[in-house]
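Please look through the model shown here before reading the points that follow.

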Amino acid sequence: MTMSFNEVEALAKKATRGAGYPWGLAEEAAKAVRWLYARDVDGCAELAGLLAQSDGADLTAWRPVQNGSRWAPKGATLCPIATGAALSDEAEALRDGELRIDQVVHPILLAPFACMSAKHLDMRVTIAWDGTFASTDGEALSIAGAASIPVADVAVTTGGDLDQPRPYCSRAKPAPDGLALLQHLARRTFAPATDESRLKGAGAGLSDND
Amino acid sequence: MRLRRLGSLHQCRLSFMRILTRRMAREGWAFSRPVFDIDARGVGRAVYTMRGPERAYSLVAFAHDLPDDQRSDRVIAEAWDATFALFDGVPEPADIERLARNVPVQEAGRVSERELSLSRANRSVRLWTHVVGALAEGRQPDVAALDEVGYLMRTTAVYGSGKFGAADREVIAARPEMHEPFQAEMLSVYLTRVFVRDLVEHMAAAQGGDRAVRLDPALARRLGIGNSTGLGMAPYIINHPVLFNNWMMMREEAIARVRGVAAATANDVALFRRLLRRAVVSVGCWRSEHPVQVDKLHALRADIDALLVLLDGFDFDADFPWDRMVIWAEDALSEEGQEFLASLMLEPYGALVDDLAEGMADDDPDAFRIDGTMTAGKVRDLLCISFGWAMDVDWSAQTNCARAWYVSEEKLEPRLGERFEEPIAPYEQPLAPARDAAAAHAALVEWDDDVPIAAFLLQHPEHRHSVRRAQMSHRAPYGEIRDNTISAHVLPIDMLRAKLSFFGATQFDPRSDRWVRICMYANAPYPEDLSRETADFWVYGAGGP
């Protein structure tokens, strides 16, 4: 079964919120997942890999502590959504040279944010780890090496090659496990229905036989 | 951008239904009905196709035999009188079979990238029975009965943009005929109206045999498609600030252009007067029992009387007549009347304003990115431009945050609850931009003006959505509702009305503070009558242009 991008985006937003993230970062995670699917990467699986670890954690420990061009976690590992958001917010810093970011969980989730930086800078941006290079010019994504990895130290630079571009897709094909976890987390954002809310909340409750 | 004002908006030349009918007429779209396979009980399927210059679109309709006790216009219903999908192209038999397994169960099924919308409709039982009965006996239905209800079926949801597996907006957004907002959904409803007319005649023929007659085209034309809209639509305009900005900004730009017309020609004035006379009749047919709308209708009718008196002696030869009329209206008319006039005075000026329709789509995905280099001081300023009034509100006072928007577990339906009476606060959706802007503003107090906002956001990701909205408002000044969307006094129907007016809906009839019935395409030409002459002013009811 394929899903529309709107469906995976909406699911990712709810799941991220359900895992305890603030709404703004949930929006970023959702756009990131959508962007990855448009470039044939299973964004739900990557996000599920992250949320399985960060669910319920103290997210302040998952945010980067910035020390010049070196970003490191306060705790053990970095959240790629919070880190990616900072990477996009601070795209200008890439003009000064390489950025080293330690212990990023599911680092391919940084790629959509690198894309926003690339577009802003009007330059290519590459994120690299363990022999993998993911490069973007603000639109296309090229990945040389393995896209999916649980955790890695990452280098972010301007420039890079687009010689292994991912194909553009218009549908998402999420693997069942990641999808199931996101659906589970998303359900936490739904209020249990009560008889009162059924009647009052939606305002109607009338027959349509007129 | 106050809710009261948004809740008084009227359709205009830039409404999405009218953009569609004008385009179909201008481009000479061809209509056909390749399938109509419905039995004497009214059960079966039909396909209605409109073919434009480059592509065709088909409504695939399924007619059902629904027991009365299952007829509910709540979005959580599970069965309907008729169900529909708008197919991208002309469906093959295999497509129709696939849709037959999925469309009749709506949310419980799946559609595909070949479908652009999914929808359903229920009969107005009273009018349906009357019309079928009359036609079956060889006579026309009672005009008063038709006007009393206004439609034979009302849709209870029209889903587009990727819902339930349908094609995403991006798939069609670059097509000229689909670039303006909601064109697929509007086409779906346009064809639904044709199907409903055909079905009522078919049922009358099945019941009456040789005695049965067809519905007089003049009567058929009066009928629109009803719609019941609940809370699901209200969050939409908050969740799409750039898109909603573009709707408002283009209408405001159209008004500004017409106010800038130095001299009105005799033809322009004559058209305005003719349409006003027709509007007197259509506003006269507008019924509601909701006390808020009853008062507003009373005011609107008085406003139209006042406008007619003004026009008696109005000097259209002096400079800037429309601008003078708007200035007069600011003191003389209610908000309903002001917005009615603003929409009506655009009518003679299609050549001046219709190009603005192209600016109503949201083609700016980059608006999502936060500019982290913007200073904290600048963000504070932006927050104050949209929400300055909200900074002094006591957001802990019950009356100011009495409500909370949430999504229910069953059917995933957006709801509005009582924060202090129901256990819903942990599930609250981010649909109170004013409160959240005030919170972000308060958190920023401790930060120096010249600090980049990126540093603040790294420490305070909980304000990220508010900072994003503030930056969006920089390029989308009409993106924010300047009102409290969680107050004890909020009327969600104001948000529904704002959105539906841009669709081109009429006859707003609130049934409570949070759902509304409307009419779509009443008096519009059916495909066989669609022409440049009929495509535009149909919304004002019968009578020549």
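**Notes on the two chains**

1. Ala191(A) stands opposite Ser408(B) in β8(B). The two strands concerned, β8(A) and β8 of chain B (residues 403–408), pair in the parallel sense over two bridges. Two strands count as paired if DSSP finds at least two bridges between them. Strands (E, at least two residues) and helices (H or I, at least four) are DSSP runs, numbered from the N terminus.

2. This is a predicted model, in which local features need pLDDT of at least 70 and side-chain atom pairs count only at pLDDT 80 or more, while totals for chains, interfaces and linings use all residues. Residues are numbered from 1 along each chain as its sequence is written, and chains are lettered from A and ligands numbered from 1 in the order in which they are written.

3. How many residues does each chain bring to the contact? Chain A brings 39 residues and chain B brings 53, where contact means C-beta atoms, placed from the backbone, within 7 Å. On the side of chain A that touches chain B, α2(A) gives the most, with five residues. Among the other elements that each supply at least two residues there are α1 (5–18) and β8 (190–191) of chain A.

4. Chain B holds an open sheet of nine strands, in the order β1-β2-β3-β4-β5-β6-β7-β11-β10, with mixed pairing.

5. Tyr151(B) has Gly224(B) in β7(B) as its bridge partner. Helix α8 (residues 183–208) of chain B lies across several strands, including β6, and runs at about 150 degrees to β6(B). Such angles run from 0 to 180 degrees between N-to-C directions, with axes fitted to C-alpha atoms, for helices over the stretch in contact.

6. In chain A, β2 (residues 70–73) and β3 (residues 99–105) run parallel, joined by two bridges, and Trp71(A) stands opposite Ile101(A) in β3(A). Five bridges join β3(A) to β7 (residues 151–158) of chain A, and this pair runs antiparallel. Val105(A) has Val151(A) in β7(A) as its bridge partner.

Notes: Contact = placed C-beta atoms within 7 Å.
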